[in-house]
Amino acid sequence: MVKKWIQKMKKHQFLFEELVKRDFKEKYKRTVLGMGWSILSPILQLLVMRLVFTYIFAKNKAFYTTYLFSGVIVFQFFKDATTHGMTALIGNASIISKINVPKYLLLLSKNVSTVINFLLTLVVFFIFAAFDGVTFTWQYFLLLYPIMCLVVINLGVGLILSACYVFFRDMKYLYEIFTMLLRYLTAIFYYVETYPPETQKLFLLNPIYCIIKYFRSIVIDNTVPSLGFHALIAGYTIVLFLIGARMYKRKNQKFVYYI
């Protein structure tokens, strides 16, 4: 299936590149600073969070700013990619009705544009981490693993949501409520270690928390997660992508009748 998708992408490479450019530029259309907001916006957001949450939740904890920001940027990447992916088909109805193009390219272009924004935000995160006194080591290269897994997770969840949204438009509002709940269950602002060991294990049922925990282990603790933890993240990645791909494939022929 993946090989077939890659072949179709090569066939429609020009269209895909134009979609990515459009999605990235559209976010900052008619703004004075344009794409400069892709750097300035995360800087201002992280500064506000540093001023507000550090004094409320830090309680003399070391590297709390880095702890907070790692959770914020990872969760926001997940939310942006999946939310934009959910509306990818409906938002490009005019293209689907006029051009015979693989519909997943529309979703993939949304994901690529959010990846670009995330990588720019990641640079800002590293700058804040340096000011927070975090020591940079070779282990930072291992962050490629959770990032790549999260990209695939986003794609899998996006496939599920986009397929559902075509037939059930209320999904958009339900997903907003879900992501709000998920944010509070992902330990972005608070420490999981304050809970009993049995409760801490429950957090591992949340794949986004696992990605964030991996980030914090590398950046703050300078420790490489165990092979079991790598396997857990890989398992979530594979399962979510396969579910999304299967659902998309089953509903693909019906999309055109509802868009």
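Asparagine 222 sits in the loop between helix 11 (207-219) and helix 12 (227-251). Helices (H or I, at least four residues) and strands (E, at least two) are DSSP runs, numbered from the N terminus. The phi of asparagine 222 is near 55°, a positive value in a residue other than glycine. Asparagine 222 is partly exposed, with a relative accessible area of 29%; buried means under 20% relative accessible area, exposed over 50%, and partly exposed in between (1.4 Å probe, protein chains only).

This is a predicted model, in which local features need pLDDT of at least 70 and side-chain atom pairs count only at pLDDT 80 or more, while totals for chains, interfaces and linings use all residues. Residues are numbered from 1 along each chain as its sequence is written, and side-chain values use heavy atoms, with hydrogens and water left out.

Alanine 187 also has a positive phi, of about 55°, although it is not a glycine. The loop that holds alanine 187 runs between helix 9 (171-184) and helix 10 (197-203). Alanine 187 is buried, with a relative accessible area of 0%.

Of its 259 residues, 46% count as buried. Contact means heavy atoms within 4.5 Å. Among contacts in the protein chain between residues at least 6 apart in sequence, 76% join residues at least 24 apart.

The protein chain exposes about 14,400 Å², and carbon and sulfur atoms supply 67% of that area. Accessible areas come from the Shrake-Rupley method with a 1.4 Å probe; for residues, only the protein chains shown count as cover.
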